[in-house]
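Hi,

Here is the structure for you to look over.

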Amino acid sequence: MEIIDRGLGWLGRVLLTAGLIVGVVIPPMLLKLINQLYRQHQLTAWQITLAGVYLLIFVILALAATALMRHYTGNYQSENLQHHDWQIIGMAYLTILIFEGGFQFINQLLYHQNQTQNNAAIKNLMAGSPLSLWLMALSAVFLTPIVEELIFRGVLTNLFFQQEWLKVGLSGIVFGSLHSSSTLPSFLIYVTMGLVLAIVYRLTRKIRVAIALHFVINSLAITIMLLH
């Protein structure tokens with residue numbers, strides 16, 4: 001899958017990608033506002049409106065990222081997942097668990113943190129109100145894997161650089177930087193996750209494989225959070 005020059009310069013690609021990344025950080029801000037309205041017993045209509053905007057942003061981001069990815073790859077067809085794709089997903093997830101466990105052990109040993117700052121922030125958002133709980137659960141399991149993979153893998157690895165290691169590295173670093181971290185080990189957890197997701201996408205050339213892997217990661221993480 002090679003980058004196709006379709007007339008948009010480097011600066012234009014940077015600005016479009018930056019716009020998509022900014023869009024990713026808006027939904028959590030809306031959840032904070034929904035929680036604030038809930039605590040202040042504001043009109044439910046406002047909360048419902050914000051919930052609608054919250055979901056709409058995911059739709060817009062997914063459509064925009066898909067259009068941009070297809071524009072630069074020339075690939076307008078989505079291939080179904082095969083048996084070997086699921087094997088790759090399983091091995092990749094195991095790899096992520098191993099690295100996450102190692103970095104989390106170091107994080108707890110050096111900084112006495114039992115969880116990452118990102119997970120703590122997610123828990124706080126989910127605990128703010130019943131509406132934010134369901135919105136976060138829905139988006140984390142279904143919407144976020146789609147949108148983030150389209151942006152951080154589908155767009156970032158196809159619009160910038162020619163060398164595969166630079167594509168993967170850029171994707172991992174930007175992905176890790178967008179997740180809240182207060183220590184180096186916790187930051188490396190998300191960088192590693194982004195690197196593995198990028199490698200899976202570049203190996204299979206199927207964005208659906210990366211989305212499926214991200215779905216597995218988030219669904220199990222959210223399940224553990226809900227059980228606790």
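**Pockets and a helix pair**

α8 gives the largest share of the lining of the largest pocket, eight residues. Keep in mind that this is a predicted model.

The largest pocket holds about 1,200 Å³ of space. Its lining counts 48 residues, and N118, N119, I122, H179 and Y190 are the closest to the centre. Elements that give two or more residues to this lining are α1 (10-39), α2 (44-73), α3 (83-111), α4 (117-126), α5 (130-159), α7 and α8 (207-227). By class, the lining has 28 nonpolar, 16 polar and four charged residues.

The second largest pocket holds about 250 Å³. It is lined by 18 residues, with M69, N75, Q77, S78 and I207 nearest its centre. α2, α5 and α8 each supply at least two lining residues. The largest share here, four residues, comes from α2.

Now the helix pair. Helix α6 (residues 164-177) packs against helix α7 (residues 184-204) at an angle of about 140 degrees, and their axes are 7 Å apart. The two are therefore oblique to each other. Their crossing is right-handed. On the α6 side, the contact residues include V168, G172 and F175. On the α7 side, they include F187, Y190 and L197. In total, ten nonpolar, six polar and three charged residues make up this contact.

Y190 is worth a look in both places: it is among the residues closest to the centre of the largest pocket, and it is part of the contact of α7 with α6.

Best wishes

Technical notes. Residues numbered from 1 in each chain as written. Predicted model: local features only at pLDDT ≥ 70, side-chain atom pairs only at ≥ 80, totals over all residues. Heavy atoms only, no water. Axes fitted to C-alpha atoms, helices over the stretch in contact; angles between N-to-C directions. Parallel < 35°, antiparallel > 145°, perpendicular 65-115°, else oblique. Left-handed = near helix turned anticlockwise from the far one by under 90°. Contact = heavy atoms within 4.5 Å. Nonpolar A, V, L, I, M, F, W, Y, C, P; charged D, E, K, R; others polar. 1 Å grid on protein atoms, 1.4 Å probe; cavity = no way out; pocket = protein on both sides within 12 Å on 5 of 7 lines; lining within 4 Å. Points joined across faces, edges and corners; volume = space filled by probe spheres on them.
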